[in-house]
Amino acid sequence: MLINFVLAHIFNFFFCFLFLPIHGRLHYTSSLLVSQISVPPSPAPAASVSPSYNGSSALGTTVFNVRTFGAVGNGVTDDTEAFKMAWDSACQTEDSEVLVPKSHSYMIQSTIFTGPCKSGLKLQIDGTLVPPDGPDSWPKNISKRQWLVFYRINGMSMQGDGVIDGRGEKWWNLPCKPHKGPHGTTLPGPCDSPAAIRFFMCSNLKLKGLRIKNSPQFHFKFDNCQNVYVESLTIKSPALSPNTDGIHIQNTNNVKIYNSLVSNGDDCVSIGTGSYNIDIRNITCGPSHGISIGSLGDGNSRACVSNITVKDSIIKHSDNGVRIKTWQGGSGSVSSITFNNIHMDTVRNPIVLDQYYCLTKHCPNQTSAVHISNILYTNIRGTYDVRSPPMHFACSDSMPCTNLTLSEVELLPATKGHLVSRPLCWSAYGTIQTITVPPVLCLLEGIPELMPQNDSGRC
C-alpha cells in the first residue's frame with residue numbers, strides 16, 4: 001500500500017508538470033528544445049492563425065509567419081508590408097524561414113526583397129501569391145517590368161506546395177502584344193509587362209518543388225547570378241501567351257535545372273548573353289517554343305555563351321526544339337554546346353541554328369555575326385511537324401558555323417504518308433558521325449578557308 005501511495009503521488013506530480021499552461025508567442029532564437037504542443041496565446045492576435053505563429057522548428061530554424069506580421073490572405077487586401085516585415089526579420093536571423101501558410105491567397109505589390117542576409121534563409125511558399133490584377137490595377141509610380149525581385153541574396157532556398165499565380169491574361173491582351181494585331185503585327189500603346197520572379201546579383205540559390213503559372217512575361221529570370229540549383233518546378237501558361245519564357249538566364253553561370261515541367265507561350269528555357277556552365281536535364285517542355293540559346297547580338301552587341309548541356313529531355317507540340325538564334329551584326333561567340341538524348345514529339349523545327357534571326361521581314365544584311373562553333377547534336381529522335389524541315393542550319397556567309405557534329409539523329413514526319421523533308425544548310429561546316437534520318441548531305445566538311453577577325457577571344 002505504501003508503494004502504491006508513493007507511485008500515485010509521483011504520477012500526479014509529473015502529470016501536473018507536463019501540462020502546465022503555456023503562454024506567449026513562440027519565438028525563440030536559441031537552440032533550446034521547443035515543445036511540440038502549441039497553445040495559442042490568449043487573446044490571439046487578429047492577424048495570426050493558430051498554430052502557425054512565429055516559432056522554432058525541431059531543427060532549430062526560426063520561423064517568421066507572414067500572418068503574424070499582419071498578412072490577411074484573402075487575395076484582395078494588400079499584404080505587401082507584412083511580407084516585407086517578415087522578410088526583414090528573417091534576413092537578420094541565422095537559419096530562418098519566411099512561411100507563407102497554405103489555404104490563403106496573398107496579394108503583393110511589386111517588391112524588392114533585398115540582401116545580404118544571414119545564412120540559412122528559406123522562403124517556404126505553401127499558400128498562393130498573386131500580384132495586382134492587370135495593368136490597370138498596377139500602381140502608376142511602380143515599374144511594370146517586374147513583380148517579385150530578390151536582390152543580392154546569398155544562400156537562399158525557395159520551396160513549397162503553394163502556387164505563384166501571375167494573373168497574366170490582362171497583360172497578354174494589351175494591344176501591343178503580337179497576337180493582337182492583324183497578321184501578327186503589334187498596335188501602339190504601353191507594353192511593359194512584369195516578369196514574375198527575378199533574381200538579380202544572387203548566388204547559391206536553391207529552388208525546389210515550386211508551381212508557377214500565368215506570368216505576364218517571364219516566369220523566372222536569373223540575371224547576374226551564380227551557383228543556381230533548380231529542381232522539380234512546374235511552370236504553366238497558355239500556348240498563345242506572349243513572351244512567357246519559363247526560365248530565362250542571362251549573365252549567369254553554374255546553373256543546374258533538373259526534373260521540371262514547362263508548358264507556356266515562349267521558350268521553356270532561354271539562355272542569354274554572359275551565361276556559361278549551364279546543365280539542363282530531364283525537362284518536359286511543351287507546348288512551347290522549345291529550349292533556346294539567344295537571341296544574341298541584337299543591336300550589333302557582343303554576346304558570349306559557352307558550356308551548355310541539354311540532355312535527357314522531351315520537347316512536344318512546340319514551334320521549335322533545340323535552337324540557337326543570333327542577329328546579323330552581332331559579335332562574340334557561342335561554343336561548346338551539347339544537345340543529347342532528346343525526344344521530339346510533333347515539333348515544327350526540331351533542330352534550328354539560325355544566324356539570321358529577325359522579328360520582321362526587313363532586317364538589313366550585315367557582315368559581322370556571332371561565331372557559332374563546337375555544337376554537338378546526339379541521340380535526337382522523334383517526329384516533326386511537316387510544315388517545316390526537321391533541321392535548319394542557316395549560318396552567316398562571312399562568319400560560318402564550324403565544328404557542328406551530328407550523331408544518331410532520327411526525325412520522321414508526324415503525319416503519316418509524308419516524305420521525309422530535306423534539311424536546310426547554309427555556310428554550315430561539320431561532321432556526320434552516324435547515318436541520320438533524314439540524311440544531312442548539305443553540311444560542309446572541314447573548316448572555311450578564310451574566317452574574318454572576330455572578338456570571340458574576348459568572351
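**Disulfides and a strand pair in a predicted model**

Cys395 and Cys401 are both buried, where buried means under 20% relative accessible area, exposed over 50% and partly exposed in between (1.4 Å probe, protein chains only). The model is predicted, so local features need pLDDT of at least 70 and side-chain atom pairs count only at pLDDT 80 or more, while totals for chains, interfaces and linings use all residues. Residues are numbered from 1 along each chain as its sequence is written, and side-chain values use heavy atoms, with hydrogens and water left out.

**Disulfides**
- A disulfide is a pair of cysteine sulfur atoms within 2.5 Å, and by this rule there are seven.
- The sulfur atoms of Cys395 and Cys401 lie 2.0 Å apart in one of these links; its torsion about the S-S bond is about -105°, so the disulfide is left-handed.
- Cys358 is joined to Cys363 with an S to S distance of 1.9 Å, and this link is right-handed, with 85° about the S-S bond.
- Cys358 is partly exposed at 23% relative accessible area, as is Cys363 at 29%.

- Cys202 is buried at 2% relative accessibility, and Cys225 is buried with a relative accessible area of 2%.

**Strands E2 and E4**
- Strands are DSSP runs of at least two residues, numbered from the N terminus; two strands pair if DSSP finds at least two bridges between them.
- E2 pairs with strand E4 (residues 96–100) in the parallel sense over four bridges, and Ser96 in E4 is the bridge partner of Thr62.
- From E2 (residues 62–65), Thr62 and Phe64 point one way and Val63 and Asn65 the other, and all are buried.
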